[in-house]
Amino acid sequence: MSELVARTGRHQQRYEDGYRLIAGCIPFRFRNMEENSGETSEKIVEVLMINSTSGPGLLFPKGGWENDETVKEAAIREAIEEAGVRGDIVHFLGHYLFKSKTLRDEFSPEGLCRASMFALLVKEELECWPEQSLRRRSWLTVPEAIQCCRHPWMRQALEDGFLKWHDSGMTSTMNCED
């Protein structure tokens with residue numbers, strides 16, 4: 001088995017109109033909710049968040065979209081590298097604009113970023129992953145995740161993207177970008 005290694009550097013980073021292009025996902029799973037009698041009553045959705053390496057609060061996996069991959073491939077790669085999960089992208093949640101305080105360069109001197117966010121149904125949690133020494137995983141209900149979310153744009157992706165899609169019965173077909 002080959003060892004997973006996180007990509008580093010910016011030599012293949014994508015930019016468009018002064019924005020660094022980011023790919024990310026909201027990893028989720030269903031957990032059976034038990035009643036007092038021990039019977040399963042309903043399934044609740046949980047989302048996976050990871051700690052930030054630069055301060056308090058929790059994040060969803062995300063990172064630079066590189067020239068040699070599709071945006072979906074980049075989102076899946078980030079989920080593996082940062083959160084140690086594999087799964088299937090099942091829905092495109094939208095584009096979210098934000099300004100990075102730390103990721104400024106010659107192509108995006110103001111640190112402008114445009115994130116393409118997806119819902120990723122988790123199929124496997126890895127025991128070992130590239131950033132496991134830096135990251136802790138936390139499974140949370142959506143209300144808990146809203147409270148813990150470090151960045152407003154990620155909270156918006158959760159509330160206006162993921163939650164609306166989930167509450168609609170998740171019936172929309174895969175409308176993922178490539």
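1. Glu 69 and Arg 77 pair through their side chains in a salt bridge, 2.6 Å from N to O. A salt bridge here is a side-chain nitrogen of Lys or Arg within 4 Å of a carboxyl oxygen of Asp or Glu. Both Glu 69 and Arg 77 are buried. Buried means under 20% relative accessible area, exposed over 50%, and partly exposed in between, with a 1.4 Å probe and protein chains only. Arg 77 counts as buried because its relative accessibility is 11%.

2. The model is predicted: local features need pLDDT of at least 70, side-chain atom pairs count only at pLDDT 80 or more, and totals for chains, interfaces and linings use all residues. Residues are numbered from 1 along each chain as its sequence is written, and side-chain values use heavy atoms, with hydrogens and water left out.

3. Arg 77 has another partner. It forms a salt bridge with Glu 78, with the closest N and O atoms 2.9 Å apart. Glu 78 is at 5% relative accessibility, so it counts as buried.

4. The whole structure holds 12 salt bridges by this search. One of them joins the side chains of Glu 16 and Arg 114, at 3.0 Å from N to O. This pair links distant parts of the chain: Glu 16 sits in strand 1 (residues 15-16) and Arg 114 in strand 7, 98 residues apart. Helices (H or I, at least four residues) and strands (E, at least two) are DSSP runs, numbered from the N terminus. Glu 16 is partly exposed, at 36% relative accessibility. Arg 114 is also partly exposed, with a relative accessible area of 22%.

5. Salt bridges also form a network. Its linked members are Arg 29, Arg 31, Glu 46, Glu 125 and Arg 137. Glu 46 has a further point of interest. Its C-alpha is 9.6 Å from that of Pro 143, though 97 residues separate Glu 46 and Pro 143 in sequence. Pro 143 lies in helix 2 (residues 142-148). Pro 143 is exposed, with a relative accessible area of 55%.

6. Now the nonpolar core. The term covers a set of buried Ala, Val, Leu, Ile, Met, Phe, Trp, Tyr and Cys residues joined through side-chain atoms within 4.5 Å. The largest such core has 45 residues, and Ile 26, Val 47, Phe 60, Met 117, Leu 158 and Phe 162 touch the most other members. Strand 7 (residues 112-125) gives this core its largest share, 7 residues.

7. Which residues does Phe 162 touch, not counting residues up to four places away in sequence? They are Ile 26, Phe 28, Val 45, Val 47, Leu 93, Ala 119, Val 142 and Ala 157. Contact means heavy atoms within 4.5 Å.

8. Helix 3 (residues 152-167) bends by about 25 degrees at Leu 158. That bend is the angle between axes fitted to the seven residues ending there and the seven starting there. The buried residues of helix 3 are Trp 153, Met 154, Ala 157, Leu 158, Gly 161, Phe 162 and Trp 165. An α-helix has 3.6 residues a turn, so residues three or four places apart point the same way. After helix 3 comes Gly 169, with a positive phi near 95 degrees.

9. Last, the cysteines. The search of the whole structure finds 0 disulfides, a disulfide being a pair of cysteine sulfur atoms within 2.5 Å. Cys 149 is in no disulfide, and its nearest cysteine sulfur, that of Cys 148, is 8.7 Å away. Cys 149 is buried, with a relative accessible area of 4%. Cys 128, at 55% relative accessibility, counts as exposed.
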